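Have the model open while you read.

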Amino acid sequence: MSERLPILSVLGFTVGAPVGVHSAGGRPVAEVLRRINYEDDVEYGQFYVGGFGPDLDGSAISHPHLRVSNHLGIECDIIHGRADVRVEIWDAEPAAAAAPWVLTWEIAYLAGSGIVGVGGEVWPDRLLLGPSYFLYGLRAYRVPSVWGRGHEFYEDPRTEHVLLRFWPIRDVFDPVLHARPERTTTEPRPSAYVPATDWPALRRQPDLSEPDAADDPGNEDREAAAIRRTRARIARQLNPDAAPTFTILRRHAEDPRSLLSADTGATCRVRLWRPVGEGEPGVLGVDRRIESEDGSRDGVLVSAIVTVLDEDGELLTVRDATEAEAARVLAVERAWQ
């Protein structure tokens, strides 16, 4: 197993503190935001939890007590077998897991998308950690085989029981590093970006049930149904306030002037032609701009900042961005446009 690293709490990093729940000493009590249970194959002593989106340069994040990784190969004691895995995302640094869990290692995970993929090919799943371009703490626990009898797990030398606990440390988004236009030779202007703490994906919300399997189309195989349910779950988690949503084509968000990607969980500027005088209360309302008019089409080109909740081929489901989300887009535009 990897050498145990110093406890991340000594670093003193914090994000927005949970509201309303405190211990006797007045310190906020961390709570689980989301969790997933799954099984995976262990091959050659490890299994993988894969990130989505860009791989980030960990060399930009340095600290003598912190090792940063954005590739997660989870080491196990068994060489070949199965891993019974529980993955959790907490709203703040959690307390140590109770017995029979034993801490085996800890690192910081640098997320390019804020979403990790878990499980094998047969039952794929994804867990929303939170915002993209965030640094997350990660502690890995396992149940030693000597704890097998008399506890919740059955002793099986071919099965590794693993608990992975993530929590947000801080926003590391940098418009200069993460949104530089391709082949640009110009120098960026000051972006004035201030890392934010109030992110919808990090708010506590009621447990969301999975869509009813009975709603699956009759011609849909189990893997496709699992993927569809996962997408629906993440879309709801990215929209905890049930803000109005609408659908657009991907090309509306891939204008050359839009320097941020239009992937699930990302925030970007979209541009749509709308009839003159058309009002759309509740959508396309964040930093809404009239960019041009077309007399022949009797329309105006409207741009606004949205957050992508789901992708279905060329179709995107989006909502208006929050203030914290929109701040990244505005900072990128100040730096590069």
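Strands E5 and E10 run parallel to each other and share 8 bridges; strands are DSSP runs of at least two residues (E), helices are DSSP runs of at least four (H or I), and numbering starts at the N terminus. Strands count as paired here if DSSP finds at least two bridges between them. Across this pairing, Asp 84 sits opposite His 161 in E10. E5 (residues 81-90) also pairs with E1 (residues 32-42), this time antiparallel and over 10 bridges. There, Asp 41 has Arg 82 of E5 as its bridge partner.

A word on what you're looking at: this is a predicted model, where local features need pLDDT of at least 70, side-chain atom pairs count only at pLDDT 80 or more, and totals for chains, interfaces and linings use all residues. Residues are numbered from 1 along each chain as its sequence is written, and side-chain values use heavy atoms, with hydrogens and water left out.

Zooming out, the chain holds 3 helices and 15 strands. Take the contacts (heavy atoms within 4.5 Å) with a separation of 6 or more: 76% of them are between residues 24 or more positions apart. The chain exposes about 17300 Å², with carbon and sulfur atoms supplying 51% of that; the areas come from the Shrake-Rupley method with a 1.4 Å probe.

Now for the aromatics. The whole structure has 5 aromatic pairs, where rings of Phe, Tyr and Trp (its six-membered ring) pair if their centres lie within 6.5 Å, and planes under 30 degrees apart are stacked, over 60 edge-to-face and the rest tilted. Here are two of them.

| Pair | Centre to centre | Angle between planes | Type |
|---|---|---|---|
| Tyr 109 and Phe 166 | 5.9 Å | 70 degrees | edge-to-face |
| Tyr 133 and Phe 173 | 5.3 Å | 65 degrees | edge-to-face |

Tyr 109 in E6 (residues 102-111) and Phe 166 in E10 (residues 159-171) are 57 residues apart, so this pair links distant parts of the chain. Tyr 109 is buried at 3% relative accessibility, and Phe 166 is buried at 0%. Tyr 133 lies in the loop between E8 and E9, while Phe 173 is 40 residues away in the loop between E10 and helix H1.

What does Arg 334 touch, apart from its neighbours within four places in sequence? Its contacts are Arg 189, Pro 190, Ser 191 and Ala 192. Arg 334 belongs to helix H3 (residues 323-336) and is partly exposed, at 38% relative accessible area. A polar atom of the Arg 334 side chain lies 2.7 Å from the backbone oxygen of Ser 191.

Ala 192 isn't a glycine, yet has a positive phi of about 60 degrees; it sits in the loop between H1 and H2 and is exposed at 61% relative accessible area. Ala 242 likewise has a positive phi, about 55 degrees, and its place is the loop between H2 and strand E11. Ala 242 is exposed at 63%. The peptide bond from Ala 99 to Pro 100 is cis, with omega near 15 degrees, and Pro 100 falls in the loop between E5 and E6.

Terms used. Buried means under 20% relative accessible area, exposed over 50%, partly exposed in between (1.4 Å probe, protein chains only). A polar contact is a pair of N or O atoms within 3.5 Å; within protein, one must be able to donate a hydrogen and the other to accept it, and residues adjacent in sequence count only if both atoms are side-chain atoms.
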